[in-house]
There are 2 protein chains.
Amino acid sequence: METTLDEIINYLKNLQSDICASLEALDGNATFKTDKWSREEGGGGITKVIVGGNVFEKGGVNFSHVHGKMPDLLKKEIATGAEDTSCFHATGVSIVIHPVNPFVPIIHMNIRYFLMLDKEGGGIIDQWFGGGIDLSPAYPNETDTRHLHALLKKACDMFNTTYYPDFKKQCDDYFTIMHRKEMRGVGGIFYDHLRPVDENTKRSLFEFMQSVGNSFIPIYSSIVLANKERSYNQINKEWQLVRRGRYAEFNLVYDRGTHFGLRTNGRIESILMSLPPHAEWRYDFHPDANSEEEKALEFFQPKDWY
Amino acid sequence: METTLDEIINYLKNLQSDICASLEALDGNATFKTDKWSREEGGGGITKVIVGGNVFEKGGVNFSHVHGKMPDLLKKEIATGAEDTSCFHATGVSIVIHPVNPFVPIIHMNIRYFLMLDKEGGGIIDQWFGGGIDLSPAYPNETDTRHLHALLKKACDMFNTTYYPDFKKQCDDYFTIMHRKEMRGVGGIFYDHLRPVDENTKRSLFEFMQSVGNSFIPIYSSIVLANKERSYNQINKEWQLVRRGRYAEFNLVYDRGTHFGLRTNGRIESILMSLPPHAEWRYDFHPDANSEEEKALEFFQPKDWY
């Protein structure tokens, strides 16, 4: 059975709606505001943003489908074999949620499909799937972390038992804040350039995309529900702001998607919706010895959760 | 008269002390905390930080003198003609001050000298001076901006009347937040790779370094004194936090010094002391039409101030 671009786009759009509805229900107060935008060179997106909720301080769920002539940057850095006539389609859903409560982790998900054609409406030269889900808590929480990795392992194992260990390691490697020698969070999975070789593998990779996308709400809802009412003090809040500073550092210094967007004249507000509502940078800040804040940094170091 | 590395270092260290003393006097409450640090491969620095003052929320005045074998990155990107035996010295003072009051601008200064020798204690292969001062206000202030540019022009004109227009333009080009199509602030001067051709030009370039360095306090003190007691409201404070977000974006995405430091295993806390104490990112935030906040963005666009 052929897997079409339209089918992938439809899935992604429905996923965006479903996730927003679930997050609104979890929040119980704020609702998503929708911005439709278009890209001059072709395509566009639907950015949905929630702000000032009971549970979510700022969050974005972004769908995009951009297409057109291959930008030079794409030709040079990503796709080999591109001709002057080549065109591309890139579609995906990306999510970053910054909760109010310091005990509810930041979550990030991105699932995407890239397609290169020899010409407009022409034959496929290259295509791949990529994506991932990862969690950036401020505090150690073994229950949440095991839950995350268990559900991701399950989402992977149905397709290939090498996926989870492989993509878990790629995630740990990617979300390292190198200059701090710190991890951004407790990882998850990260994968890219999964290329189908025929219609069967393409169908299977599309189903894997759905398996990852559909795991977002089961993963996050129980983590949110378990922690959203926990009481916290000023120290907890300040530590959350410091960790959000690290999140901003990672995204602005290292994140490939962010840099790609900034350099290809992407829609800035959709790219940078990932940045935290507030963040803090203190000079040479070190948590107290044996505090939960200090333990967090050790807890975030890559470990086998399964 | 020969200009020695020691003489330059002495000037920079004294400048650091003088500037800190002046800033403490302006603040009237907080004092600088001193961290001496050393670099494994050679040299080190003195980082001075003020936090939680009456006037200055967070500020750093950093002296460094690092030296040793040429790092590969330096060989590749900066210095031509480096041999395996080559060694370098880099010394400078860099300053970023984040004030409490939204009507007091952020100021940034960096003056530096780079020297490459054919071997430890050997002959000079290359050397240059670089630096600049620029201002990032949150609000338009013509008096402050003219004062800044008048004093910088004066500091330049004594040496070469082409310096100010040239370095003013370089500053405007450099401090552009490209992805926002916004300026970081109202500019100032920025220069690099000023290479002496003999002892006379070296003396003159060292004197130019001093002319810039010595203009810091005259520039900033009257701007601080004119604005530090101005009353402000919640809107002003929030706009300051949004502009600080832009400041963090610039430093993490574009600033060459920051990236160089992060990739060469520099002292992170001294490199990132430039980041604001608090910053804010709002989704798709636009100031009200005709508000002072909206006028600021137009005011920051490069203009001839003299």
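Trainee: As I understand it, two strands pair if DSSP finds at least two bridges between them. How many bridges join strand β10 of chain A to β10(B)?

Mentor: Three bridges join them, and the two strands run antiparallel. Please keep in mind that this is a predicted model. Strand β10 of chain A covers residues 278-280.

Trainee: Which residue stands opposite H278(A) there?

Mentor: The residue opposite H278(A) is E280(B), which belongs to β10(B).

Trainee: How many residues does the contact take from each chain?

Mentor: Chain B contributes 25 residues and chain A contributes 25 residues. On the side of chain B that touches chain A, the elements giving two or more residues are β2 (43-51), β3 (56-69), α6 (234-253), α8 (268-271) and β10 (278-280) of chain B.

Trainee: And which element gives the most to that side of chain B?

Mentor: That is α6(B), with four residues. Sorted by class, this side of chain B holds 15 nonpolar, three polar and seven charged residues.

Trainee: Why do the copies meet through the same surface?

Mentor: Of the interface residues of chain B, 100% are also interface residues in chain A, so the two copies use the same surface to meet.

Trainee: Which residue takes a positive phi in the hairpin of β1(B) and β2(B)?

Mentor: It is G42(B), whose phi is near 140 degrees; four residues lie between the strands in this hairpin.

Trainee: And what about the hairpin of β2(B) and β3(B)?

Mentor: That hairpin has four residues between its strands, and G52(B) takes a positive phi near 65 degrees. The strands β2(B) and β3(B) run antiparallel and are joined by nine bridges. In β3(B), V61(B) is the bridge partner of K48(B).

Trainee: Further along, how many bridges join β5 to β6 in chain B?

Mentor: Twelve bridges join β5 (residues 106-117) to β6 (residues 124-136) of chain B, and these strands run antiparallel. Here R112(B) faces G130(B) of β6(B).

Trainee: Now for the helices of chain A. At what angle do α3 and α5 pack?

Mentor: Helix α3 (residues 142-157) and helix α5 (residues 199-227) of chain A pack at about 160 degrees, and their axes are 10 Å apart. An angle over 145 degrees counts as roughly antiparallel, which means that α3(A) is roughly antiparallel to α5(A).

Trainee: Is that crossing left-handed or right-handed?

Mentor: The crossing of α3(A) past α5(A) is right-handed. The contact includes L148(A), L151(A) and L152(A) of α3(A), together with V212(A), P218(A) and I219(A) among the residues of α5(A). Its residues divide into eight nonpolar, four polar and one charged.

Trainee: How do the axes of α1 and α5 of chain A cross?

Mentor: The axes of α1 (residues 5-27) and α5(A) come within 11 Å and cross at roughly 5 degrees. Angles under 35 degrees count as roughly parallel, so α1(A) is roughly parallel to α5(A).

Trainee: Which residues meet there?

Mentor: From α1(A), the residues are I8(A), Y11(A), L15(A), I19(A), S22(A) and L26(A). In α5(A) they meet F206(A), Q210(A), G213(A), F216(A), I217(A), S221(A) and V224(A). By class, this contact of α1(A) with α5(A) has nine nonpolar, four polar and no charged residues.

Conventions. Residues are numbered from 1 along each chain as its sequence is written. Chains are lettered from A and ligands numbered from 1 in the order in which they are written. This is a predicted model: local features need pLDDT of at least 70, side-chain atom pairs count only at pLDDT 80 or more; totals for chains, interfaces and linings use all residues. Two residues are in contact if their C-beta atoms, placed from the backbone, lie within 7 Å. Ala, Val, Leu, Ile, Met, Phe, Trp, Tyr, Cys and Pro count as nonpolar, Asp, Glu, Lys and Arg as charged, and the others, Gly among them, as polar. Axes are lines fitted to C-alpha atoms, for helices over the stretch in contact, and angles run from 0 to 180 degrees between N-to-C directions. Angles under 35 degrees count as roughly parallel, over 145 as roughly antiparallel, 65 to 115 as roughly perpendicular and the rest as oblique. A crossing is left-handed if the near helix is turned anticlockwise from the far one by less than a right angle, and right-handed if clockwise.
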